[in-house]
Each structure stands twice: as structure tokens, then as C-alpha cells.
Amino acid sequence: MADTNLTIAGDGDVGAFVDGVADERRRADARHLVTLMGAVTGQPAVMWGSAIVGFGSRHYRYESGREGDMPAVSFSPRKAQTVLYLGGGLELYQDLLDRLGPHTVGKSCLYLKRVGDADDAVLREIVGRSFRMTL
């Protein structure tokens, strides 16, 4: 089955995207995450689609035969909060989430209203754990 994933790595300008984030706090959070995720992963920031900043990539294949590529770890500065997309289910991060600070979660998404309110060392551990799942 062909890959029909619309969110693919592109050649968009990450700096211009971050500079274009309307909310000043979200823009500062995005700048911080670009630096943090780049340092933890050793990978450059790449635009995936129009609103996701990713670092590294991983290949996936479902039982249905659908397959494609996705960022190893990524984030998107949304209007209400910043979303971090992590590898695996969030149960794999529970020990770290308990120490992170204010957040909410989805299936494989971590939502932060204010990145600065999260424990930066724990956030680095979460990003590193997600990234290592691709190795």
C-alpha cells in the first residue's frame, strides 16, 4: 500500500515558522524546544507539513500494510498549548511525567500550556527516551 501520509518532511524554514508563531509565549516556547530537541537528538530541526517541527525520523508499518515516515520526536506550537509528539504510548514515560510539572496527555501526545513551567531536565529525558526508540 502506498504511503498517503500528508505530513512529510519538507524544506520549510523552521526559523521563519517559529518567528511566525503569533503568540509571544508560544514563540518563546518553540524557540526553546528547537534548541532543547536539537541538543538532545543531535539532529537538525525540519518542518514536517506546515506546522510540525521534527528531529530525526522513524519508519512505521501497520498490519494493514500502510507505511511511511514520521519524525522521531517533534512538536507543534498550537494556539492553546504546545504539543509534543512522542514515540510509543505515554505509559512508557509515566515515571518521567510524574516529575514533569503541569501537563496533559493524549495517546502519544504531551500537551504543555507553558513549556517554562515544565522541569527542563525531565523534559530532556522525555525527548531523549522518545528519540532512542528509533535506534
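Modeller: Two strands pair if DSSP finds at least two bridges between them; strands are DSSP runs of E with at least two residues, numbered from the N terminus. The model is predicted, so local features need pLDDT of at least 70 and side-chain atom pairs pLDDT 80 or more, while totals for chains, interfaces and linings use all residues. Residues are numbered from 1 along each chain as its sequence is written, and side-chain values use heavy atoms, without hydrogens and water.

Colleague: What makes β4 and β6 a pair?

Modeller: Strand β4 and strand β6 (residues 109-112) are joined over four bridges, in the antiparallel sense. The definition asks for at least two, so they pair. Within this pairing, Y85 stands opposite C109 in β6.

Colleague: How do you know that β3 and β4 pair?

Modeller: Four bridges join β3 to β4 (residues 82-85), and the two run antiparallel. S74 has Y85 in β4 as its bridge partner. β3 and β4 form a hairpin, with four residues between them.

Colleague: What is the volume of the largest pocket?

Modeller: About 490 Å³. A pocket is an open set of points on a 1 Å grid over the protein atoms alone, where a 1.4 Å probe fits, with protein on both sides within 12 Å along at least five of seven lines; lining residues have an atom within 4 Å of a point. The volume is the space filled by probe spheres set on the points, which are joined across faces, edges and corners.

Colleague: Which residues are closest to the centre of the largest pocket?

Modeller: Of its 20 lining residues, Y60, Y62, M70, Y85 and L86. β3 gives the most to the lining, with five residues.
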